[in-house]
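Please keep the sequence and the structure in view while reading.

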Amino acid sequence: MNKSFIKGLLAGIGSILAVIIMGIFVAGCAMQKAGTAYDYTSPTRRPDRVTIGTPTPVAEVGNEKNDSSSGNEPTATPTVTEKAETSENQGTEVAEVTITPEPTATPSPEPTRNVSYDISRDLLSPDFTDKLMLLGQLIEAYYYKPVAVEDLQEGLYKGIMDAIGDPYTCYYTPKEYAELMESTSGTYCGIGAYVSQNMKTNVITITRPFVDGPAYKAGVKAGDIITKVNDTDVSSMDLSSVVAMMKGPENTKVTVTVYRESLGDYMDIVITRGFIDVPTVESEMLDNNIGYIAVTSFDEVTEDQFKKAIDDMTAKGMKSLIIDLRDNGGGLLNTCINMVDYILEDDKLIVYTEDRDKRGDKFYSRDGHSVDVPIVVLVNQYSASASEVFTGALKDHEKVVVMGVTSFGKGIVQSVIPLTDGSGLKLTTSSYFGPKGVCVQGIGIDPDIVVEYDSTSETDNQKQAAIEYLLK
C-alpha cells in the first residue's frame, strides 16, 4: 500500500474536520472582498457577506446573482452573470447573489446557540474513517489509472456540502471562491450573457446575451439551452460551476454547445472571451416625464448607478417612475438595502432575518433621502432574492404599485464563509422577512396588478401597462 496515499487520505480527514470547525468558528478568516475579519464565536458579530438570492434564477455569464437558488412554483434560478449568485432559474455568470449587511444595521439579540449534536465528532467516527481508508485502498489497488489525492480531498469537501440536500449550500475550491468574489464586482472576463438554471431540471438557459458582447457577436440567442462547455456535459452541474467554465482570460476561446428550440437542433458556438463591464442599471426618460430604470442585478456597482439614474431624471423633471426588476435574480444585500433606503423615508423597516434560533438582524432606512413620485415596480417569475427584498419592502410600506406576475419566491439567506486556505463555504443560514413579517420562500410576491407578458406583442406590454397606469 502506498504510504503517501494513506497519509494523503488522513490529511484529507483532518481537512474535513478543519473545514467544519472553520466553517462554524471562522477563526482568523478574513473576507476577501470586505477586508474585514469576523468571528462566529462572538455574539455581536455576523458574517460580512450574505447571499440572498442566488435562487435558481437568471445568472449572468461573466458576472453569483447569489443566491444559491431562488415564481410561484420556483422553476428558475435568479439572474447571475458570468460571475458565478440563483432561483429555480439561476442567472448570469454570477449564479449567486451575495449580500453584505451594513455595519450600522441594528442586530437583534442573539441567544446562546443550542446544538443538539456534535457533527464534527460524529462525522469522524471510527466507522467512517475505517471505511474511508478502505475506499482509498480499493481505489489504489484496482482503479485503472492514478488518482490525485487532492482531487479526492476536494471531492470529500464538496460531498459533505452536497449531502445536506440544500441546492444553495456548497463548498468552493480556492479557484471557485476567487471567482465567486469576483462575480459581485460588476466586471469580469467571459462570454457576456445572462443565464439561468431550472432547479428542478438543472437545465441552463441563456436568458439574454449582452448586446455587442462576445456571446452576442458569436451568434448566441436568448432561449438557447446550454448542454456542453468545451465538450463537457453540463446537464448535471450547478450554475456556478458552468459559469466558471465559460469564464477565462481575455481573447481565449470557449466552445459552448446549445440546443436551439426554433431549429430543433444542437449547435457548437465558438466564443472569444473578453472583458465585460456589466451595466447593471439602464435608464431613460419616457414621454410625459416618466422615468424608467431597469436593474439587472444588485452588484457592488449597482447602488451608485441606481442613485445617479434617479438624480439625473429628477433633475430633468421626473414626475413618476418605473423600476423594472424583471429577470433580476438578486445580488448583494447591502446594495439592495441602500437602494430601498434611497426611496423610502427614514426610520422604516426594510427587512429582517432569522436563523434557526430566531436571531438575526433588522435593517432600517436612514439616509435622509426619499423619492416622492408615483412608482411602479415591474416583476416576473425570475425576479428573485434581493429583487424580492427590494419589492417587498416598498410594497409593504405602500410606496409602490407592483405590476407583472408573481415573483420567484426565494426567502432564504446564504452566508459565504472564507477559509484560510483560500477556499470557502456557502451555507443557507437564515430566512428573511419583509416589513409585514412575510417570508416569500416558495410563494413569491403577488403583484398588485397582474399583467402577463405577451410574447406576440410588438411592444413590451408589461412596460406599456405601467406607463398607462401612471398616466391615469
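## Two packed helices

In this predicted model, helix 9, which covers residues 333-343, packs with helix 10, which covers residues 386-396, at an angle of about 25°, and their axes lie 9 Å apart. Angles under 35 degrees count as roughly parallel, and helix 9 and helix 10 are therefore described as roughly parallel to each other. The crossing in which helix 9 passes helix 10 is right-handed.

## The contact between them

Helix 9 contributes L333, C336, M339, V340 and I343 to the contact, while helix 10 contributes A386, V389, F390, A393 and L394. When these residues are sorted by class, the contact of helix 9 with helix 10 has ten nonpolar residues, with no polar and no charged ones.

## Two residues with positive phi

S385 is not a glycine, and yet its phi is positive, at about 55°. This residue is placed in the loop between strand 19 (375-379) and helix 10. Is S385 buried or exposed? With a relative accessible area of 0%, S385 is buried, since buried means under 20% relative accessible area.

E398 also has a positive phi of about 55°, although E398 is not a glycine either. Its place is in the loop between helix 10 and strand 20, the strand of residues 401-404. The relative accessible area of E398 is 67%, and because exposed means over 50%, E398 counts as exposed.

How values were computed: Residues numbered from 1 in each chain as written. Predicted model: local features only at pLDDT ≥ 70, side-chain atom pairs only at ≥ 80, totals over all residues. Heavy atoms only, no water. Axes fitted to C-alpha atoms, helices over the stretch in contact; angles between N-to-C directions. Helix = DSSP H or I, 4+ residues; strand = E, 2+ residues; numbered from the N terminus. Parallel < 35°, antiparallel > 145°, perpendicular 65-115°, else oblique. Left-handed = near helix turned anticlockwise from the far one by under 90°. Contact = heavy atoms within 4.5 Å. Nonpolar A, V, L, I, M, F, W, Y, C, P; charged D, E, K, R; others polar. Buried < 20%, exposed > 50% of the residue type's maximum accessible area, 1.4 Å probe, protein only.
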